[in-house]
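Good morning, and thank you for coming. Please look at the structure on the screen while I go through a few of its parts.

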Amino acid sequence: MTEIARGLDPLAEAANELPEHYIETTTALVQSELRSLKHGDAFAVLDEYGDIGVSGPCAEGVYFNDTRYLSCLKLLIEGIRPLLLSSVVQDDNVALSVDLANPDVAEDGFIVLPRDTIFIERTKFLWRGVLYERIGFRNFDGHRRQFCITVCYDADFRDLFEIRGSRRMQRGRVTHALGKAGPEFHYDGLDGVKRTTRLTFWPEPTTADHKSATFLIDIGPYERSSMFVSIVCSDRCAPQLTHFSLAFRDRRRAIRAKTAAIATIDSSNGLFNEVCRRATSDLYMLVSRTPHGLYPYAGIPWYSTPFGRDGIITAMMLLWADPAVARGVLSFLSATQADRFDPAADAQPGKILHETRNGEMARLGEVPFRRYYGAVDATPLFVMLAGMYFERTGDRDTIAKIWPNILAALRWIDEFGDRDGDGFVEYLRETENGLANQGWKDSHDSIFHADGSLAEGPIALCEVQGYVYAAKSAAGRLARLMGDDDAGAKYDAAAQALKTAFDKAFWCEDLGCYALALDGRKKPCRVRASNSGHALFAGIALPERAKTVAKTLLGRSFFSGWGIRTVASGEMRYNPISYHNGSIWPHDNAMIALGFSRYGLGSEAIQIFSAMFEAAAHQDLRRLPELFCGFSRKPHRGPTSYPVACAPQAWAAASIFALLQATLGMELCSQSHSIRFVNPLMPQFLDSVTLTRLTVGESHVRLKLQRHGDDVTLNLLERKGAATVMLVK
């Protein structure tokens, strides 16, 4: 990911300086069980009560286009916060359901409303820029009850980067008014955009001002009553407000439409089924419809926007279950591909987007991320995904449409990615406001030498060379598809030359893995890091290296019991509570597991799968977070949370799909119209797995894999079409 909390370099600490885009943290996101909702470019982060900002300054809020439109929302009964009974995001992530009860309410020393008399049910969801809420009341007393409900609110219109800790010299102007429909907050931005938060209530409040609205509820014995609150976020055009029930119906239909054609997983393990359902719900909450198709936004709260690298890797891991996401990612990134030089955005022609932002600070250039291209890996990953997508679907029309973009990406790799012509792709940022490190480990201190000194650029990362190898291998196949056999042969030869050069320059026999990177002097960063596993994922590793790399990554210095650390313990900058220097990332582990599977190391992939499943079982909502700390596993305890990890996170959610694919050895090929399971294995926590709506070409099948000790059998339950289904041992 990008621009997040990072461990500080000793020199920076001495100078009392923080890295660029550091997330200032005084409260942890895991301090309370936050609840997240998302639709399109709007998302909400709420506490367990469904409130916002009750505990003081934090990441909670209703956000739209990278701006917080609501910074406070609090529900009170007779001036007191209700008692929390339960709080859960529904299984499909459409709505938050919160059950509350009144506390004891005293007047002149006497209890006038005994606790648990009034049951309060809150239902909240986002739809088209509006946060809808129904607040239901039920009187469980045999007497009529009257009580006062107060809704407190505020809007600060802070940019997401401000909330993360960025300092601003000046801001726009916030004003408030009491409109016909209810209170309104207006922000005249320095970027010329007028942003508005409008609250509407039904029934109308008894009293209302710019801070709160009060309602007198009169409810008979055992009766029910409801009130509705809508929070409308608008900048360039106001979203259309509709009735709660109609919006709720449309929101649910929309999520069902997105998931109607995907392959589904059902297993013998109920807990694993919960993990899979949560992963699916998280993914399709984060997947937004763009003019170019579906795109998985990276994560909530810091990254609810398109990221090139994250979107590509998420699409890769989800490809066997839903290739429509890959098609949307390829189309979106083609449409946003750089076509000119822009040093302030780290852009050169052909380069693939790193991220895009719509907030005030990005629009003004206070941060460089309006359209930012500071990722060295997104461009080869884009070509790599195009090859994987065609192999999976046979969709020649999509490949033909984006073929000019693929060629532009390949030119970028050779001309701008490899500026010194040594055959390796390197990075060196062109703007001081951009990211110092531009691989997936983009903390300022994540690329270093064995003595702890930071590498100086241009830097050639281990995994990036693997992605370039896979991109050129894919380009060879795609060029032949497009009728250019000469170009296909050229790309094939370039891939093989890179494979040979990579092994010579990066392999460290004494470390049992590849060097983390080469610095600007071509000196290897002789650090044991998880990046070596990505070399297996991409296929650049020589076959004789694979088993050694796997043994190293599963050794005690790497494998914590919960997964493989980003950096091995014992390295100079190892820190299990850092962002990139010793933590554990589910997507990193899933890509490594796919790499193990590629080289026939299924039992090693099983170890990762089992650890990730057990980690998920300990998480709130059975949800794998962006990352967790790299401390060694201890009996009777789950993994240690990372304080500002995003949850949900797209590539973390997609990891479950990749881990299952890796251990089952699943291969889907449109050209041979086949579904193959090569040397499949299943972990001990699974006795059987049933896959439904598994498609290849025009065919789709339902099948069941059953474990018998260390053996796996395949039973084809249903087939429509002529696809071949094979178990290969």
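This is a predicted model: local features need pLDDT of at least 70, side-chain atom pairs count only at pLDDT 80 or more; totals for chains, interfaces and linings use all residues.

Gln661 counts as buried because its relative accessibility is 18%; buried means under 20% relative accessible area, exposed over 50%, and partly exposed in between, with a 1.4 Å probe and protein chains only. Gln661 belongs to helix H16, residues 650–664. Helices (H or I, at least four residues) and strands (E, at least two) are DSSP runs, numbered from the N terminus. Beyond its neighbours within four places in sequence, Gln661 is in contact with Trp320, Leu594 and Met666, where contact means heavy atoms within 4.5 Å.

Residues are numbered from 1 along each chain as its sequence is written, and side-chain values use heavy atoms, with hydrogens and water left out.

I turn now to the aromatic rings. Rings of Phe, Tyr and Trp (its six-membered ring) pair if their centres lie within 6.5 Å; planes under 30 degrees apart count as stacked, over 60 as edge-to-face, and the rest as tilted. The whole structure holds 34 aromatic pairs. In one of them, Phe272 and Phe685 have ring centres 5.7 Å apart and planes at 50°, so the pair is tilted. Phe272 lies in helix H4 (residues 270–286) and Phe685 in the loop between strand S30 (674–678) and strand S31 (688–696), so this pair ties together parts that are 413 residues apart in sequence. Is Phe685 buried or exposed? Phe685 is buried, with a relative accessible area of 16%, and Phe272 is buried at 0%.

Phe685 also pairs with Phe613: the ring centres are 4.1 Å apart and the planes at 20°, so this pair is stacked. Phe613 sits in helix H15 (residues 602–617), 72 residues from Phe685, and is itself buried at 6% relative accessibility.

Finally, strand S3, residues 61–64. In a regular strand the side chains alternate between the two faces of the sheet. Here Gly61 and Tyr63 point one way, Val62 and Phe64 the other way, and all are buried. Strand S2 (residues 42–46) runs antiparallel to S3, joined by four bridges; two strands pair if DSSP finds at least two bridges between them. S3 is also joined to strand S4 (residues 67–70), again antiparallel, by three bridges, and Tyr63 stands opposite Arg68 in S4.
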